[in-house]
Amino acid sequence: MLDLNFVRENIDHVRAALEARRADVTALNDFKRADEERRRVIAESDQLNAKRNASSREIGGLMKEGKKDEAEARRAEVAGLKDRIAELDQMRAQAETRMHDLLATLPNIPHASVPVGDDESANAEVRRWGTPPAFSFEPKDHVDLGTALGILDLERATKIAAARFAILNGAGARLERALISFMLDVQTREHGYLETLPPFIVNRAALFGTAQLPKFEADLFKLEDERQLYLIPTAEVPVTNYYREEILDATQLPMRWAAYTPCFRSEAGSHGRDTRGVIRQHQFEKVELVKYSLPENSYEELESLTRDAETILQKLGLHYRVVALSTADLGFGSAKTYDIEVWLPSQNTFREISSCSNYEAFQARRAQIRFRRAGGAKPEFVHTLNGSGLAIGRTWIAILENYQQEDGSIIIPEVLQPYMDMDIIRPQDSTKGTQS
């Protein structure tokens, strides 16, 4: 959430920033009207309070002079002023509530370094790593490869649940599990993240804190429960909310967590996009990286978080690129985002596998996550950051497609072989525990 006073005092700047995001500024217009009403009400209330105070002094003087009838008449006037002031106080509270509600619907202001553009075509490539694999045959996509190997079953997943669910079998399930362990090991042992295993179900307050609510409720799976609980769309939600409504000491920052969780998204509005295979699922898995940072260090932390996520692809030997998202392509709460996109041979293009974002104080203000510097300084909001390190399913896809062989088998990247106790996936591995 944006700072109320900042928006009030810099409304033209905020409007320009939101228009650069191609955001609807109707709420900002409503905010301005509510603020004007608030100011009008405060001005009238101040005038009436001054009049009431002056009348009270006059009443005292009249009583001393023995002018009781005049004093009583003045008291009646003061009583009327008191009722109007109470009414104005209520109007002020309503205007302030309206302003806060409107702020909750406004996206974050892009950082000055974010490319300005009308759509994703304005995204700017920052760097590439590696090269695409060269095949002497026509590469297959992950659905054909996984189905032929017997490690991917979409048809029965649909029968059991619905479309956009998948079953992984044998070596396919082992590969998924190996990726989870490998990613957590790299982030905790090499990059210093604290592993955490949070709840997979959260309340409305947690989702408001990370800005999934109220705007994106249609994308969530809500439980039929009077407690208003939801399946998490990402580990970002429970982990970012860890210290909600608490004040930390500045010496505790930065904080860094790595969390494996399943994730659940309804994918509202995504009909017709990536419906083949497991690129866009209702249930998928991620290892998420989350940080709390001092405000002055958060953009350094964004760069290091992005590099930490990239390390996984480098160790797996997967070709990728890093892209800075433009103003029109930024997520709702992000001030700056890098997308990491992995190469998929079947599509002959890069596909997103991680988004690494700095939210600055946007989430912390909603969740009231603060810190205090030395000397009893006034509490400040932390800066929050997160990024996938990585999306497990899309990494699974990338390994199948980039390491496929002409006979349909899959070479296991060397760093994963100790986790799987095998170096190649062949069709019979769908029903066998290991093969070397």
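Reader: How many salt bridges does the count come to?

Author: Side chains of opposite charge can pair when their charged atoms come close. Here a pair is counted when a side-chain nitrogen of Lys or Arg lies within 4 Å of a carboxyl oxygen of Asp or Glu. By this rule, the number of salt bridges in the predicted model is 29.

Reader: Which parts does the salt bridge between D30 and R98 tie together?

Author: The side chains of D30 and R98 meet at 3.7 Å, N to O. D30 belongs to residues 26–64 and R98 to residues 68–103, so the pair joins parts 68 residues apart in sequence, namely helix α3 and helix α4.

Reader: Is D30 buried or exposed?

Author: The cut-off for a buried residue is under 20% relative accessible area. R98, the partner of D30 in the salt bridge, is partly exposed at 42%. D30 has a relative accessibility of 19%, and therefore counts as buried.

Reader: How far apart in sequence are the parts that E44 and R84 tie together?

Author: The closest N and O atoms of E44 and R84 are 3.0 Å apart, and the two residues form a salt bridge. R84 is partly exposed, with a relative accessible area of 26%. Because E44 lies in helix α3 and R84 in helix α4, the pair connects parts whose separation in sequence is 40 residues.

Reader: Which residues are linked with E44 and R84 in a network of salt bridges?

Author: E44 and R84 form a salt bridge with each other. They also belong to a network of salt bridges, in which the other members are E37, R40 and E87.

Reader: Which element gives the largest share of the lining of the second largest pocket?

Author: About 300 Å³ of space lies in this pocket. Its lining includes F165, L168, F284 and W396. The elements that give two or more residues to the lining are α7 (171–190), β9 (283–293) and α12 (392–402). The largest share, three residues, comes from β9.

Reader: How many residues of the lining of the second largest pocket are nonpolar?

Author: Among the lining residues are E176 and E285, and Glu counts as charged. The lining divides into two charged residues, three polar residues and a nonpolar group of seven.

Reader: Which residue follows α2 with a positive phi?

Author: Helix α2 spans residues 11–20, and its buried residues are I11, V14, R15, A17, L18 and A20. After this helix comes a residue with a positive phi, near 60°, and that residue is R22.

Definitions and conventions
Residues are numbered from 1 along each chain as its sequence is written. This is a predicted model: local features need pLDDT of at least 70, side-chain atom pairs count only at pLDDT 80 or more; totals for chains, interfaces and linings use all residues. Side-chain values use heavy atoms; hydrogens and water are left out. Buried means under 20% relative accessible area, exposed over 50%, partly exposed in between (1.4 Å probe, protein chains only). Helices (H or I, at least four residues) and strands (E, at least two) are DSSP runs, numbered from the N terminus. On a 1 Å grid over the protein atoms alone, a cavity is a set of points where a 1.4 Å probe fits but cannot get out, and a pocket is an open set with protein on both sides within 12 Å along at least five of seven lines; lining residues have an atom within 4 Å of a point. Grid points are joined across faces, edges and corners, and a volume is the space filled by probe spheres set on the points.
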